[in-house]
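Here is a short tour to read with the model open beside you. Take the sections in any order you like.

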Amino acid sequence: MNTIDSMERLIYCFSKLPGVGRKTAERYAYRVLELDKEDVELFAKSLIETKNNIKFCEICGNFTEKNICDICQNRKSDIICVVKEPKDIIAIEKSKGANYLYHVLHGTISPMENRGPNDIHIKELLSRLNGISEVIIATNPDVEGEVTANYIAKLLKPLGVKVTRLATGIQIGSDLQYADEVTLTKALEDRKEM
Ligand SMILES: [Zn+2]
């Protein structure tokens, strides 16, 4: 493979990343040429190692390099915070006083995309309720997030678990840049019973 092909391939790889168009991908590729060889090797190695080593926690579904994540391993709490994706945990952990256990659904219920309750990790949540006093549902306040939250609330309430929802219309996850720590902390503090 000649140099041009390598560059084209690298540009193609960068353009796979969110928010990176052709122009930016080209800029990144040319920047790689200017980096030290060690840095480029570290970059390549980190990409592969991350993909190979990171798996999902057997209990909560968070990212981890072990079978059980650090939060499940070390934290004592009787509150489970339910989120759509692992990256939402990072967001909530930044809020003040966050000391919850988590449960990652790995998706939301979406009739439009033909995704039902059995396609996301709801069953796994039901098996974790022993000793839990409250479940905070922190899915995004979009249609799918609300449908999912209502579905879970209906399932849990008859089981005697308090179910709450974030107070304000905060987008976590991909829209986290709009939800600063203070706002997220407030939304958690002011959570409402469903
Ligand atoms: Zn875990």
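## Around T108

Leaving aside neighbours within four places in sequence, T108 is in contact with K84, R115, I120, T139, E144, G145 and T148. Please keep in mind that this is a predicted model. T108 itself lies in a loop, the one between strand 4 (101-104) and helix 6 (123-126).

Is T108 buried or exposed? Its relative accessibility is 2%. Buried means under 20%, so T108 counts as buried.

Five of them form an open sheet with mixed pairing, in the order 4-3-5-6-7. Strand 4 and strand 7 are the edge strands, each pairing on one side only.

Two helices can be followed against this sheet. Helix 5 (residues 86-93) packs on the sheet and touches strand 3 and strand 4; the direction of helix 5 makes about 150° with that of strand 4. Helix 7 also packs on the sheet, where it touches strand 3, strand 5 and strand 6. The direction of helix 7 makes about 165° with that of strand 6.

Strand 5 covers residues 134-137, and both of its faces are covered. E134 and I136 are on one side, V135 and I137 are on the other, and all of these residues are buried.

Which strands pair with strand 5 in the parallel sense? One is strand 3 (residues 79-83), joined to strand 5 over four bridges. Here V82 has I137 of strand 5 as its bridge partner. The other is strand 6 (residues 162-165), which also pairs with strand 5 in the parallel sense over four bridges. In that pairing, the bridge partner of I136 is T164 of strand 6. To get from strand 5 to strand 6, the chain crosses through helix 7 (residues 143-156), and this β-α-β crossover is right-handed. I137 stands opposite R165 in strand 6.

Going on from strand 6, you reach strand 7 (residues 192-193). These two run antiparallel and are joined by two bridges. T164 has E193 of strand 7 as its bridge partner.

## The zinc site

What coordinates the zinc ion? The donors are the SG atoms of C57, C60, C69 and C72, at 2.3 Å. In sequence, these donor residues are spaced C-x2-C-x8-C-x2-C.

The angles among the four donor atoms are 105 to 115°, and the site is tetrahedral. For comparison, the ideal angle for four tetrahedral donors is 109.5 degrees.

C57 counts as buried because its relative accessibility is 4%. C60, at 3% relative accessibility, counts as buried too.

Technical notes:
Residues numbered from 1 in each chain as written. Predicted model: local features only at pLDDT ≥ 70, side-chain atom pairs only at ≥ 80, totals over all residues. Heavy atoms only, no water. Buried < 20%, exposed > 50% of the residue type's maximum accessible area, 1.4 Å probe, protein only. Contact = heavy atoms within 4.5 Å. Pairing = 2+ DSSP bridges. Right-handed = clockwise from strand over helix to strand, strands pointing away. Donors = N, O, S within 2.8 Å, 3.2 Å for Na, K, Ca; no water. Tetrahedral: all angles 85-135°; square planar, octahedral: opposite > 155°, others 65-115°. Axes fitted to C-alpha atoms, helices over the stretch in contact; angles between N-to-C directions.
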